[in-house]
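Please read the report below beside the sequence and the model.

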2 protein chains.
Amino acid sequence: MPERPTLAEVADAAGVSRATVSKVLNGRHDVSPETRARVEQLLVEHSYVRRGSAPDSDGRNGSRRMVQLVVDTLESPYTLELIRGVSDAADEAGLEVVLSQSGGVADGRWVQRAAGGGRRGLILVMSQISEEQRTTLAGAGVPLVMIDPLIVPDDVPSIGVTNWAGGLAATEHLLELGHTRIGVLAGHPDVSTATTRVHGFRAALANAGLDADPQLIRPGDFGFDLARENTKAMLTLDRPPTAVFATSDGQALGALAAARELGLGVPHDVSVIGFDGLSLSQFSSPPLTTIQTPLADMGRTAVGMIRRIAEGDRPDTMRVELSTRLLVRESTAPLRA
Amino acid sequence: MPERPTLAEVADAAGVSRATVSKVLNGRHDVSPETRARVEQLLVEHSYVRRGSAPDSDGRNGSRRMVQLVVDTLESPYTLELIRGVSDAADEAGLEVVLSQSGGVADGRWVQRAAGGGRRGLILVMSQISEEQRTTLAGAGVPLVMIDPLIVPDDVPSIGVTNWAGGLAATEHLLELGHTRIGVLAGHPDVSTATTRVHGFRAALANAGLDADPQLIRPGDFGFDLARENTKAMLTLDRPPTAVFATSDGQALGALAAARELGLGVPHDVSVIGFDGLSLSQFSSPPLTTIQTPLADMGRTAVGMIRRIAEGDRPDTMRVELSTRLLVRESTAPLRA
């Protein structure tokens, strides 16, 4: 069983008295800036949580009954499905969800609000958080969990999916259909979610004894427009791919549009597979074969982690990866002889 | 200028003393059930709002800085775009958004929370609310605004779009392209948003001296599956329509799928026009011609109304309808000779 860090442990580690740690936690001014910084840092490292943050033990008008959910943007259906998972799980636990948009690290009013409002915890989706912001949250005893962080931190609990295994499964599906010349819409090169999916692709090719053609791996973003352009560029090469692996459903829709604009049929002339399994992927023409990610489960898992940390448990692991699965619909077909 | 209803006005209308109204507002028990019911009813009718609910004058730990947003479901991209509008406007106003799913009228815990938590106001999306729930909110001084209510109430401020004018514009677009035999995916017959769009369709036909063919007006819901079935049924009639007007983008995607499954090209063989202008409508193959509704503006307008009512203004009007506009993309084309 993970031990719950105590105020005494933090005090020992910082080489100060318990009273000093208590002063830092209570925002008192009679602590030197250097000591305060050292104690706050250790509070973060020890994932220290006040005892007062246990369920219902806080009298501050129900603020501890609220979870702050901070999303990078409200423009993507991906986000909607995560919100649903968080909302369902919070509802079951008798918690309410306060929703904010992060507006980038620079803004960060949501950190002040979550800390000042004494929230049960903060769930951060596809965003970044500065060291200073983390210290603010830790000082206020507000646990932090990240979903799909842009860069996976090693000292904040985070939730993602098995991106590598998903990339592998998508590629193996295309290889089984006879495709060996596969184009990749690789997503943003700085986002680990995307690059890990591409690593899965490379592994599947290597397992099959094939080399990846650099011309067929196109970096971009997770969106539609750039994916359409990149797909058009690949499909008009002298030796075009017979299948496209898109590292997101949004990019896969761009690939469908590119094929249509070039007068190519999907899957007759070119197969397309997506990634994410958004609900909209079933409504495209043709419906997308994709890698289903359990978005709602990710939201639920985040709420569960917040609750356990708030109750004083240290998380068993800093990184939870939920499984993906291949969902075969109509956008992939055997290679034509 | 609209007058702000006072406690004295409500007392006069109820034929009781101000002290009695005050007791009802404060949840005191020394009021008879009949008197309480009459006063609560009048509080609703007069849209009474406590003075204490003016901005920042409430000390209850910032609850008055929160707006409760209650949505019927978190499954539709339609909802996501409304949430964005509410979130943006709340952010600009320094308010936070507490998000809940309504879970039907029967559940209604959100009403207790909004009332008990002393929220700045409650915005209800595509849902219903009982008389009793409205009384609870009014008694707690929590203003209510509805977005796209299933049935438009005449005594609760509500926000919608010009559904009739949108239905008219969609149909006129098809008529101008030469289509006279137009199928309609009519949405749910009990939802006024949908039926009003169909009335716009009928008006456009009548203006052109045409009769509507009852075989070509198919009730359903706002979803994909039933729309696909209904479109297939229409397109396999002896005299099939040459164009389909879908009263939602979700239904339009169903129509695209039906055409594809029948081997018909859109817009070459059949034109399809949607309604709502969801962001996903630009990513279908082909991109949808649709009636753009200002979803984010509806969310913003709701927050604005909540703020004004909470500050003591009576709304200028109980019903705000925001304009729609025709957005021509690639799913509609001239009738082939």
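This is a predicted model: local features need pLDDT of at least 70, side-chain atom pairs count only at pLDDT 80 or more; totals for chains, interfaces and linings use all residues.

Residues are numbered from 1 along each chain as its sequence is written, chains are lettered from A in the order in which they are written, and side-chain values use heavy atoms, with hydrogens and water left out.

The contact (heavy atoms within 4.5 Å) takes 36 residues from chain A and 36 residues from chain B. Because 100% of the interface residues of chain A are also interface residues in chain B, the copies meet through the same surface. Between them the chains bury about 3400 Å², 49% of it on carbon and sulfur atoms; buried area here is the accessible area (1.4 Å probe) that two parts lose on being put together, summed over both.

Across this interface there are 7 salt bridges, a salt bridge being a side-chain nitrogen of Lys or Arg within 4 Å of a carboxyl oxygen of Asp or Glu. On the side of chain A that touches chain B, β1 (66–71), α4, β2 (96–101), α6 (109–116) and α11 (249–261) each supply at least two residues, and the largest share, 7 residues, comes from α4(A). Helices (H or I, at least four residues) and strands (E, at least two) are DSSP runs, numbered from the N terminus.

**Salt bridges**

| Pair | N to O distance |
|---|---|
| Asp91(A) and Arg113(B) | 3.9 Å |
| Arg260(A) and Glu330(B) | 3.4 Å |
| Arg228(B) and Glu261(B) | 3.5 Å |
| Glu321(B) and Arg319(B) | 3.1 Å |

In the salt bridge of Asp91(A) with Arg113(B), Asp91(A) lies in helix α4 (residues 77–92) of chain A and Arg113(B) in helix α6 (residues 109–116) of chain B, so the pair joins two chains. In the salt bridge of Arg228(B) with Glu261(B), the partners lie in helices α10 (residues 224–235) and α11 (residues 249–261) of chain B, so this pair ties together parts that are 33 residues apart in sequence.

Asp91(A) is partly exposed at 29% relative accessible area, as is Glu261(B) at 34%; buried means under 20%, exposed over 50%, and partly exposed in between (1.4 Å probe, protein chains only). In chain A, a network of salt bridges links Asp225(A), Arg228(A), Glu229(A), Lys232(A) and Glu261(A).

**Helix α9 of chain B**

Helix α9 (residues 192–207) of chain B has 16 residues and reaches 22 Å from its first C-alpha to its last, close to the 22 Å expected at 1.5 Å a residue, where the expected span is 1.5 Å times one less than the number of residues. Its buried residues include Arg197(B), Val198(B), Phe201(B) and Leu205(B). The buried residues of α9(B) pack against β5 (158–161), α8 (163–176), β6 (182–185), β7 (217–218) and β8 (243–246) of chain B. After α9(B) comes Gly209(B), whose phi is positive, near 75°.
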